[in-house]
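Please keep the structure in view while reading.

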Amino acid sequence: MGGAVRGPLARELDALPLVDHHCHGVVTADLDREGFESLLTEGDPWPGVSPFDSPVGVAVRRHCAPLLDLPRHAPAEEYLARRAELGGPEVNRRFLTAAGAEVFCVDTGYAADRLTTPEELAGTAGGKAYEVVRLEGVAEAVAAAGVEPDAYAEAFLAAAHRAVGRPGVVAVKSVAAYRTGFDLDPARPSDAEVTEAARHWLARGGRLDDPVLMRHLLWTAVGLGLPLQLHTGFGDSDIRMHRVDPTHLTDWLHLTAGTVPVLLLHCWPYQRQAAYLAAVFEQVYLDVGLTLHHVGPARAAAVLAEALEITPFRKLLYSSDAYGIAEFHHLGALAFRQGLAGLLQERVDADELGLPDALRIARWAGRDNALRVYRLPNLLAENG
Ligand SMILES: [Zn+2]
């Protein structure tokens, strides 16, 4: 595994127009060293330690430098100087074009004011944009606008319906992982419980992190009828990693069976737990976005291999979860294509998998599974 695999699977995946089912916009302004490095890491930059000296940092220097006309492994200083010389729009154009995605489902819920809009992002890449609505943002806007505690549930539902009714919205997302974790009571809270919790939250203010209101949000999401994306596992230091193992959702998944698709995003280091859920619950899907560029092409095949140990082949999706810097759109796509091609080719070479099956799995994961879940059948290939 690893290295340049040039078999039929590499050719298939290199040419496949990907559906990036969860990503964010990129910064439009030029970035100085501090700005770039702060986007390179999920942590906070530490004094005297460059985020370039990390797996994702060396992956950027290895795989992104050539797109800026630099040699592979160019030093960070040269990389940043060349990036500044070309300017943000040209850098974004090069990486977004190289990513080769045809569809971008863009989460607009986090610091979107400094990022490209979904249309700008997809326009630069020559692709098509859809939007993912972050429900915590909807709830917080309802609170900010002012609402009585006993009217909160109805106001949130109405606002959520308005948000998903906008053209191009294909999914909703929750960051419950960041706010409460998943070790919640799985039952739908009663009206009285929601009113009481809303009373405390509305008086206190701040972001939505009340466990009763988070349960209410997740159950409201189920009622909206759209696929629900859940941040899972890896993220910044707001995460309490032991509380975001997706198997905490098991009872909730039993209770919500037969409703909406649930897409577990990122998953690392719980890709095996997520794979288990995808194997036993019809409605569960997963990706290893974000993980792919942070581990880099060097380890993407290993992470994908764990995710695919038991995941049914119609349940794995591609996402970059790129945020802020266009490098991550390119790096995510590259790591996915190379990693999946490497591990599928290995199975074909070992005669564990027939080549036509392997090619089909590659197309499903990179594209067709997402088109099916998000009901974008007009983009489906004939053999999808
Ligand atoms: Zn994201």
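Lysine 173 and aspartate 107 join their side chains in a salt bridge, with 3.0 Å from N to O; the term denotes a side-chain nitrogen of Lys or Arg within 4 Å of a carboxyl oxygen of Asp or Glu. The two residues bring together distant parts of the chain, since lysine 173 belongs to strand 4 (residues 169–174) and aspartate 107 to strand 2 (residues 101–107), 66 residues apart. Both lysine 173 and aspartate 107 are buried, that is, under 20% relative accessible area, where exposed means over 50% and partly exposed in between (1.4 Å probe, protein chains only). Helices (H or I, at least four residues) and strands (E, at least two) are DSSP runs, numbered from the N terminus.

The model is predicted: local features need pLDDT of at least 70, side-chain atom pairs count only at pLDDT 80 or more, and totals for chains, interfaces and linings use all residues. Residues are numbered from 1 along each chain as its sequence is written, and side-chain values use heavy atoms, with hydrogens and water left out.

In total, the structure holds 23 salt bridges. Arginine 166 is partly exposed at 38% relative accessible area, whereas glutamate 131, at 15%, counts as buried.

Helix 1 (residues 8–15) has Leu9, Ala10 and Leu13 as its buried residues. They cover an arc of only 100° around the axis, which puts them on the same side of helix 1; the arc is taken from the directions from the helix axis to the C-beta atoms. These buried residues pack against helix 16 (327–349) and helix 17 (355–373), contact meaning heavy atoms within 4.5 Å.

The domain assignment gives domain 1 (8–29 + 100–383) and domain 2 (31–86), with bounds that come from an automatic or database assignment. In their contact, 23 residues of domain 1 meet 14 residues of domain 2. Which residues supply 37% of the area that domain 1 buries against domain 2? They are His294, Ile325 and Glu327, more than any other three residues. Buried area here is the accessible area (1.4 Å probe) that two parts lose on being put together, summed over both. Across the interface the rule finds one salt bridge. Arginine 83 and glutamate 327 form a salt bridge at 2.7 Å, N to O.
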